[in-house]
Amino acid sequence: FVANASHELRTPIAAIRAAAETLLSGAVDDPASARRFVDIVARHAERLSRLTQDLLDLSRLESRQWRFELVRVEAGALARQVVELLGGAAREKGLALAADEPAGTAVRADARALEQVLVNLVENAVKYTERGRVAVRAERDGEAWTVSVEDTGPGIEQQHLPRLFERFYRVDAGRSRDQGGTGLGLAIVKHLVQGMGGDVGVESDSTGTRFRVRLPAA
């Protein structure tokens, strides 16, 4: 884990260091060049910020320092808030993004943790879907509700599915880093869902991918 984390940290640190050295060697006096290298510093600093926050969240979850407050949560209303939050990013890519949640989708969950789960899954779906739609759906499953995030992306090859929720595991490492991924999001999702007494899974084929979160009904 330390080796993987160090590897992830090394890339943005090296980029920031190289940009700073270039600026100090004279590029700072050329406005066009200076702006380009400052942009590099800002972009990689943001990536470092996301990575360190994800590392802290994962550490709290795995050491059981994260305190879950399990109460009645209207998953449908929460899903619609997440769709509204990420609607701009979807529209920029020409994607349809919607929440198809029936009324009364009440689950026993931690509202903040469930929101983080849905934001992560919807954000990933929007990020990796080039055309079509992303939808959040819910269906009753006995004494539980299954909330799904479905997309019409290229799908994920079957050999990757069992490992998707591992820390730092990526289907396409280069593409994930280019799009700002830390490689920890799905590991955090897994721990959050399990901490709420639920389970998470994924299905995928050439028509798209479906992440499903199953939580006890309230």
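**Which pattern does the protein follow, read along the sequence?** Along the chain, the order is α-α-β-α-β-β-α-β-β-α-α-β-β. That comes to six helices and seven strands, where helices (H or I, at least four residues) and strands (E, at least two) are DSSP runs numbered from the N terminus. The C-alpha atoms fill a box of roughly 65 × 40 × 35 Å along the principal axes. This is a predicted model, so local features need pLDDT of at least 70 and side-chain atom pairs count only at pLDDT 80 or more, while totals for chains, interfaces and linings use all residues. Residues are numbered from 1 along each chain as its sequence is written, and side-chain values use heavy atoms, with hydrogens and water left out.

**View 1. Helix α1 against helix α2.** The axes of α1 (residues 2–24) and α2 (residues 31–62) come within 9 Å and cross at roughly 155°. That makes α1 roughly antiparallel to α2. (Axes are lines fitted to C-alpha atoms, for helices over the stretch in contact, and angles run from 0 to 180 degrees between N-to-C directions; under 35 degrees counts as roughly parallel, over 145 as roughly antiparallel, 65 to 115 as roughly perpendicular and the rest as oblique.) The crossing is left-handed, meaning the near helix is turned anticlockwise from the far one by less than a right angle; clockwise would be right-handed. Residues in contact (heavy atoms within 4.5 Å) include Leu9, Ile13 and Ile16 in α1, and Phe37, Val41 and Leu48 in α2. By class, the contact of α1 with α2 has 17 nonpolar, three polar and two charged residues. Here Ala, Val, Leu, Ile, Met, Phe, Trp, Tyr, Cys and Pro count as nonpolar, Asp, Glu, Lys and Arg as charged, and the others, Gly among them, as polar.

**View 2. Along helix α2.** Arg35 forms a salt bridge with Asp39, their closest N and O atoms being 3.3 Å apart. (A salt bridge is a side-chain nitrogen of Lys or Arg within 4 Å of a carboxyl oxygen of Asp or Glu.) These two are four residues apart in α2, so about one helical turn separates Arg35 and Asp39. The structure holds 14 salt bridges. Just after α2, Arg64 takes a positive phi of about 60°.

**View 3. Helix α3 with helix α4.** Helix α3 (residues 75–92) and α4 pack at about 35°, with axes 10 Å apart. This crossing is right-handed. Among the residues that meet are Leu78, Val82 and Leu86 of α3, and Leu114, Leu118 and Val122 of α4. The contact of α3 with α4 has 14 nonpolar, no polar and two charged residues.

**View 4. Helix α4 with helix α6.** The axes of α4 (residues 111–128) and α6 (residues 185–195) come within 10 Å and cross at roughly 145°. Helix α4 passes α6 in a left-handed crossing. The contact includes Val117 and Leu121 of α4, plus Gly185 and Leu192 of α6.
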